[in-house]
Amino acid sequence: QLFSTEETKQVLRLSLTEFSLPKFYLLFGISKVKSAAVIAFRSSYRDRSFSPGSYERETFALTSLETVTEALLEIMEACMRDIPTCKWLDQWTELAQKFAFQYNPSLQPRALVVFGCISKRVSHGQIKQIIRILSKGLESCLKGPDNYNSQVLIEATVIALTKLQPLLNK
């Protein structure tokens, strides 16, 4: 059996129960359904009325991403205690960092939030990069305050910096 400790099994049970509650649907961007399974397993073959544009897509707030990431991190850390050579967190952190420092209006803000939430250490160089990203976002906002992507990028950098600041040397 993969997860041997009772503590890990308990964390997994509680997390599954928690994610199944309707209040968590909003965190995953699917609050307008009665059951998450309805939207997750819906297919155009079974339900001809469904098409990618036939439902209103909900926005996924960065604060929701922060909550979901922290919940997934808790699950991952519980599982990693039972697997001594597990590198899941290192791999996740590597991927989050890669996308956080790469310009992409859709992925970069989300990756910054995830990187901030899951990092266990941070270098001054990484903080410098995040501050540069913040600076570029602020410049974009000054050029045109209606730039939604810049506002999201600014919010993401602030969340990331808030999470990473305690990891810096005094």
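How many helices and how many strands are there in the chain?

1. Overall make-up. The chain has eight helices and zero strands, where helices (H or I, at least four residues) and strands (E, at least two) are DSSP runs numbered from the N terminus. Read from the N terminus, the order of elements is α-α-α-α-α-α-α-α.

2. Basis of the values. This is a predicted model, in which local features need pLDDT of at least 70 and side-chain atom pairs count only at pLDDT 80 or more, while totals for chains, interfaces and linings use all residues. Residues are numbered from 1 along each chain as its sequence is written, and side-chain values use heavy atoms, with hydrogens and water left out.

3. Of the 170 residues in the chain, 36% are buried; buried means under 20% relative accessible area, exposed over 50%, and partly exposed in between (1.4 Å probe, protein chains only). With contact taken as heavy atoms within 4.5 Å, 62% of the contacts between residues at least 6 apart in sequence join residues at least 24 apart.

4. Surface. The chain has an accessible surface of about 11400 Å², and carbon and sulfur atoms account for 57% of that. Such areas come from the Shrake-Rupley method with a 1.4 Å probe; for residues, only the protein chains shown count as cover.

5. Ser106. Ser106 lies in the loop between helix H5 (88-100) and helix H6 (108-118). Ser106 counts as exposed because its relative accessibility is 53%.

6. Aromatic pairs. The whole structure holds two aromatic pairs. Phe19 and Phe24 form an edge-to-face pair, 5.7 Å centre to centre with 70° between the planes. Both Phe19 and Phe24 are buried. Phe101 and Phe115 have ring centres 5.7 Å apart and planes at 70°, so this pair is edge-to-face. Rings of Phe, Tyr and Trp (its six-membered ring) pair if their centres lie within 6.5 Å; planes under 30 degrees apart count as stacked, over 60 as edge-to-face and the rest as tilted.

7. Phe115. Phe115 counts as buried because its relative accessibility is 1%.
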